[in-house]
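Trainee: I would like a close look at a single part. Please keep it brisk.

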Amino acid sequence: MADITSLPDSVLVYVLSFLRYPILISSSRVCKRWRRLCYDASLWRKLWFYQRHASKVSCEVVRRLVPRKNSYIVSIDLEGCTLIEDEGVKLLSKNCPNLRKLYIKACQQVTDKGIIEIAQNCFKLLSVKLPMENVSSKGLVAVVKNNPHLKRIYAYSRAVTQKTLTAIASTCSDLETLIVYESCLKDHENSSMDVLTDAMLMTLAEGCGKLKEITLRYNQILLSDLSLVCLATKCRMLEQFVVDYCDLDYKITDVGLIALAKFCNISCLHISNGQISDNSLLVIAESVPNIEDLSLEFSKVSDIGIFKLMQQCQKLESLVIHSADNLDRRITDMSAYTIGTYASEDFRLLGIGFADITDKGLKFICENTDLSSLSVSGCSKLTFDGLKSCFDDLSGLMSLDLSFTDIIENDDHLLETGQSLPWLDSIDLTDCFAVSKEGIRIFKEKFPFCKVVT
């Protein structure tokens, strides 16, 4: 009777590909043939850990997994590996010189020292994701200068400064993705130490014309139309642009948004605190009808812009907008009927802020969409009875924002909301003064998996 040893090498390698790395290492001790097969290049291209094991991975574990130079490994993802320090990163970079992808975002004990070791040993990186706390511009610049073919960079804002972006622009002309996460400032730091300016964005745009995805989250964002127009004209392949809470004194207006809509094939656009009106929505509807995700928090739009947008943009899956201050041009039930009528089957997220929508309008939206996230922040005409009438239509809702409203009139209303929406994992009750602290405490006890924002 034939046994496993009689199988050809190609079949054995396929069988071994289903084993996790620790078991693969143990299997390599069976015999010389198995050792050869267990270290086949196709089996050792990616190194990662299951989430339940990641928190236990130490430098010693890394040393045992990669005891010597291994030219096969091209991807390392240490997501959740919080015990890894500079020594572990140094070992990996020395023993894996052909790395193309290195994700160490969760390794908060890694410092510039470890990042510089990566820069000195790895010259073929295409994608990097770096940790927050102890990595500065110095470390990221070193990586960038030694890896000119980088296409994707994920880092925290304290590491992405004017100096960093200058290095990226002069070195990484093939960059396609730049994702910048907002750093948590320490007690002695202020927001002026973590700033995004027009000059920084323009530097990036000038040198990286192939950019497709940009997310920029800083503690302070001082952008204006000047940098957005530059970005739009230089980066024509741009598909995603996200910036949060721009400083109102610098004013991103319709001019910047219209430039992005006209020159780029935008599918995802998030800008909050911009001076945005219906003019932008009209141009977006005409120029990028395939847009899927649009978020214009604290904008000033009305029924006119929303009607044109929903009518033209049939692929829209997510929409966040705020009503204009003008009493003659606001978001009313007319927009609610428009959204309910034209929303696509994939429409899942809706945020309407400070609008004049009534219970009837909300009901029409909920009856005609399948929302997983709903925000009606500041919508003062809505009542709890109106929300309650939508519970059956919102059975799959996971996120609910009722901030700055009086919809929840007492603690019982809050409990009823939790009981009626079984999948809810987040509810925002900021400035919902009718809910007591005791009510929130009881709600958290009954629904421990639902995050409450107050």
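What covers the buried residues of α13?

Mentor: First, the ground rules. This is a predicted model, where local features need pLDDT of at least 70 and side-chain atom pairs count only at pLDDT 80 or more, while totals for chains, interfaces and linings use all residues. Residues are numbered from 1 along each chain as its sequence is written, and side-chain values use heavy atoms, with hydrogens and water left out.

Now the helix. α13 spans residues 278–287. Helices here are DSSP runs of H or I, at least four residues, and strands are runs of E, at least two, numbered from the N terminus. Within α13, D278, S280, L281, V283, I284 and A285 are buried. Buried means under 20% relative accessible area, exposed over 50%, and partly exposed in between, with a 1.4 Å probe and protein chains only. The cover over these buried residues includes two helices, α12 (254–263) and α14 (303–312). It also includes two strands, β11 (268–271) and β12 (293–301). Keep one rule in mind: an α-helix has 3.6 residues a turn, so residues three or four places apart point the same way.

Compare a strand. T215 sits in β8 (residues 213–216). T215 is buried, at 5% relative accessible area. Beyond its neighbours within four places in sequence, T215 is in contact (heavy atoms within 4.5 Å) with L178, I179, V180, Q240 and V242.

Last, a helix residue with another setting. T341 lies in α15 (residues 333–342). T341 is exposed, with a relative accessible area of 51%. Its C-alpha atom is 7.1 Å from that of N368, 27 residues apart along the chain.
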